Amino acid sequence: MTLTELQLTIRDALYVSLPGMHWVTAEISEINENYAGHCYLELIEKQPDEKNIRSRARAIIWSSRYRFLKSFFENTAGQPLRNGLKVLVKVKIEYHEIYGLSLIINDIDPAFTVGDMALKRQAIISRLMEEGVFEMNKELEFPLFPQRIAIISSRNAAGYTDFMNHIVKNGYGYVFYTALFDSAMQGQETEYGIINALDRIAAEISLFDLVVIIRGGGSQTDLSWFDNYNIAYHITQFPLPVITGIGHEKDLSVTDMVAHLPLKTPTAVADYIIDCVAQVDVRLNEMTTEIKNLSHTILEKNRNRIESAGLRLLPLTRIRLSGTRETLSGMIMDLTNNGKKYIYKAAMEQSSLGSKLRMAAKTYLAGKLSASERLSGDLRSLTNSSLKDKNNSIKTLENSLRILSPEKVLARGYTITSVNGKILRSGEELKENEMIDTLFSDGSIKSRVTQGLQKKK
Amino acid sequence: MAKKEFSFNEAVVKIEEILHNIESGELDVDKLSEQVKLASELIKQCQKKLKLTEEEINSIFNDLS
């Protein structure tokens, strides 16, 4: 059997056992359109780990069919056929003695791809949610004055040009500082490009207030590159707010979902930023007016306070002074009146005293006079009687004297005792055996003391 | 001793206190002229301060616009 015979035998066996068309699910790993308009693909099925390939086959869409299927798929699935997509294709098995096995694609079901992408997208969203990072970029504080903008876009993208025109020629004349971080915005390079751009911005983070990711113009369809876990994760972890304008009309990509603010077009992003600044500008103007008014109010209030104080000072002082003056003159009046009263009273008192004094003096003098008259009368009579009395008493005294003369006394039986001529009035001086003289009326005797004084009991 | 910086509020409080004292008659006549002099001096300073402040504010806003 020749090789050709073998190949033809295989072909026949295949055709017999797998006749007609078969719906097959697979992933596109390569896709190329050749000059003739035929589309050559490599279909694979991966292991459940999504890394290793479990099987592989070549597939072809002939140009006659491809023209129709291409636009049908793009319109329905919202994106072109590309590698990485899972597809459900209707294939006829062809075995060629030179080229071997080929799957000739006759039809394709875009709904399967859409469903699969939705599932993948949902898986990415769930993962970001589970990791707790989904809302992180949204939680950043949006800058009050977003003036320094890092742009991630493709230099040649129509969206980038739109954005720049808008932001530079804004109607207010605001100046924005922009820097472009070039990146692929579709295709396989998108993931690397955007992450790399974010890293470059992060290296100069202090120069920027905001990151915008813009695309747009051209194909509005291929959003699927932004349903990417790594891009989304990097955005959630980025320290500046990210605004997206990657040109979607219907659904948000995962990138949009995790961004601080997803907007539809680059122009919308530019308008939003200009509007933020304008709002702050308006607010600043309002505050300026407010401050102006308030400070004038404060000044006016204080001026009034000072003016009214100034106006009150002089009158109040005058009132105070005149009040004091009145009090003073009142005091003078009082003083004068009181003085007069006092003097009058004093005068009254004085005059009454004088007359009293006069009266008293008169009375006194009269009294004294009569008293002296009486006294002189008395004196005369007293003198007379006194003289008489004196006479009498002298006579009595003469009598007494007569009675009291020693002779008379001695005659009445009294004796006088003396020692050595000294008359004794007490017996105390006498000692035993002392000689005493006793005088009688008719003579004296000497005698000896035999016993000392016996005191009267 | 460094001169204490002029305080508008303290001055106004002082002026009003003096006015009150004059009005209520709590102030000795001995001290009246001294206090009136002080009050009018403070009023003058306050007016000066107000004028300066207004000029400053106006010039700030002129710079702004």
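Here is a short tour, from the overall picture down to single residues.

First, a caution: what you see is a predicted model. Chain A has nine helices and 14 strands. Of its 457 residues, 21% are buried. Now take the contacts in chain A between residues at least 6 apart in sequence: 65% of them join residues at least 24 apart.

Helix α1 of chain A covers residues 3–17.

Five strands of chain A make up an open sheet, with parallel pairing, in the order β7-β6-β8-β9-β10. At the edges stand β7(A) and β10(A), each with a single partner strand, so each has one side left without a neighbour in the sheet. On average, neighbouring strands here are turned by 20° against each other, direction ignored. Strands β6(A) and β7(A) run parallel and are joined by six bridges; Ser153(A), for instance, has Asp182(A) in β7(A) as its bridge partner. Helix α4 of chain A (residues 158–168) packs on the sheet, where it touches β6, β7, β8 and β9 of chain A, and its direction makes about 165° with that of β6(A).

| Strand | Residues |
|---|---|
| β6(A) | 148–153 |
| β7(A) | 177–182 |
| β8(A) | 210–214 |
| β9(A) | 242–245 |
| β10(A) | 261–263 |

**The cores**

Nonpolar side chains tend to be buried together in soluble globular proteins. In this model, the largest nonpolar core has 42 residues, and Val211(A), Val212(A) and Val269(A) have the most contacts inside it. Strand β8(A) gives the most to this core, with five residues. Setting aside residues up to four places away in sequence, Val212(A) touches Ile149(A), Ile151(A), Ile243(A), Gly245(A) and Val269(A). Another core, of 15 residues, lies apart from the largest one; among its members are Ile306(A), Ile18(B), Ala39(B) and Ile43(B).

**One residue up close**

Is Ile235(A) buried or exposed? With 28 C-beta neighbours inside 10 Å, Ile235(A) counts as buried, because the cut-off is 20 or more. Ile235(A) belongs to helix α6 of chain A, residues 229–237. Leaving out residues up to four places away in sequence, Ile235(A) touches Asn137(A), Val242(A), Thr255(A), Val258(A) and Ala259(A). His260(A) is 25 residues away from Ile235(A) along the chain, and their C-alpha atoms are separated by 8.9 Å.

Key. Residues are numbered from 1 along each chain as its sequence is written. Chains are lettered from A and ligands numbered from 1 in the order in which they are written. This is a predicted model: local features need pLDDT of at least 70, side-chain atom pairs count only at pLDDT 80 or more; totals for chains, interfaces and linings use all residues. Helices (H or I, at least four residues) and strands (E, at least two) are DSSP runs, numbered from the N terminus. The expected span of a helix is 1.5 Å times one less than its number of residues. A residue is buried if 20 or more other C-beta atoms lie within 10 Å of its own, exposed if 12 or fewer, and partly exposed in between; C-beta atoms are placed from the backbone. Two residues are in contact if their C-beta atoms, placed from the backbone, lie within 7 Å. A nonpolar core is a set of buried Ala, Val, Leu, Ile, Met, Phe, Trp, Tyr and Cys residues joined through C-beta atoms within 7 Å. Two strands pair if DSSP finds at least two bridges between them. Axes are lines fitted to C-alpha atoms, for helices over the stretch in contact, and angles run from 0 to 180 degrees between N-to-C directions.
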